[in-house]
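Open the model in your viewer and keep the selection panel at hand.

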Amino acid sequence: MKKESYFGINVSPYTYEEIIADIKKRIRSNKTSTIIAVNPEKVMKGEKNEDLRELINSATYQIPDGVGILLASKLKGGQIRSRVTGVDMMERLLQFAQEEKHGVFLYGAKEEVVSKAAENIGKKYPGIDIAGYQNGYIKNNEALIDQINASGAKLLFVAMGSPRQELWIRENMPRLNTLVYQGVGGSFDVFAG
Ligand code: UDP
């Protein structure tokens, strides 16, 4: 897969459509996909912190969420010409899940936020299978893993801030049956309105 590199951080030069098409193929062959949004703040933090850099670089897609990345790509002769934001990527994935009838699980944020986000997503994408949700302040991680697996969800969105959400994904992915993972920061708050 093509990558551009800025201060040692990988960035994927793909559009929303290309990423969705690729994820569709990966799901068919039972391969997992992870998505992390990259902005200049993460590039700077990642430059200093090897573990964070590894964490970012090990994702399937590092989406260019931030104009700074576009500018850097242009200056260095790269191919990135438009932003691929975390929240818009989530919207595209929700639309994809609705069309393909894949279950979606939301994990993170406060109880009233995640429940409202689930309700609003259901209204915005009629017929979408919200397989389940859980707030980001629970203590029993084992029960959560069981809940996600029992839900049958194919896509999991984790909204706990960065890098907490990416660390959680990396740690728990081996035991999850979910195939698509995106850390979405404060996006549930946006959906909750
Ligand atoms: N959050 C969570 N569990 C935690 C800490 C944060 O679910 O232990 C949620 C928080 O409720 C919010 C989201 O993570 O919905 C983003 O949090 P924050 O604004 O702190 O992250 P940032 O956007 O600054 O990375």
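By class, how many nonpolar, polar and charged residues does the shell around the ligand have? The shell divides into 6 nonpolar, 6 polar and 2 charged residues. This is a predicted model, so read each stop below as a description of a prediction.

**Stop 1: the ligand.** Select the ligand and the residues around it. The ligand is surrounded by 14 residues. Start with the closest ones, which are Gly108, Ala109, Gly136, Met160 and Gly161.

**Stop 2: helix 2 and helix 3.** Next, select residues 40–48 for helix 2 and residues 50–57 for helix 3. The two helices pack at an angle of about 125°, and their axes are 5 Å apart. Because of that angle, helix 2 is oblique to helix 3. The crossing of this pair is left-handed.

Now show the side chains at the contact. On the helix 2 side, pick Lys42, Lys45 and Gly46; in helix 3 they meet Leu52, Arg53 and Ile56. Sorted by class, the residues of this contact are 2 nonpolar, 1 polar and 3 charged.

**Stop 3: the whole protein.** Clear the selection and switch to a cartoon view. The protein has 9 helices and 8 strands. Its radius of gyration is 16 Å, close to the 16 Å that the globule rule gives for 193 residues, so the protein is as compact as a globular protein of that length. Turn the view to the principal axes to finish: along them, the C-alpha atoms fill a box of roughly 45 × 35 × 35 Å.

Definitions and conventions
Residues are numbered from 1 along each chain as its sequence is written. This is a predicted model: local features need pLDDT of at least 70, side-chain atom pairs count only at pLDDT 80 or more; totals for chains, interfaces and linings use all residues. Axes are lines fitted to C-alpha atoms, for helices over the stretch in contact, and angles run from 0 to 180 degrees between N-to-C directions. Helices (H or I, at least four residues) and strands (E, at least two) are DSSP runs, numbered from the N terminus. Angles under 35 degrees count as roughly parallel, over 145 as roughly antiparallel, 65 to 115 as roughly perpendicular and the rest as oblique. A crossing is left-handed if the near helix is turned anticlockwise from the far one by less than a right angle, and right-handed if clockwise. Two residues are in contact if their C-beta atoms, placed from the backbone, lie within 7 Å. Ala, Val, Leu, Ile, Met, Phe, Trp, Tyr, Cys and Pro count as nonpolar, Asp, Glu, Lys and Arg as charged, and the others, Gly among them, as polar. A residue is near a molecule or strand if its C-beta atom, placed from the backbone, lies within 6 Å of it. The radius of gyration is taken over C-alpha atoms; the globule rule is 2.2 Å times the number of residues to the power 0.38.
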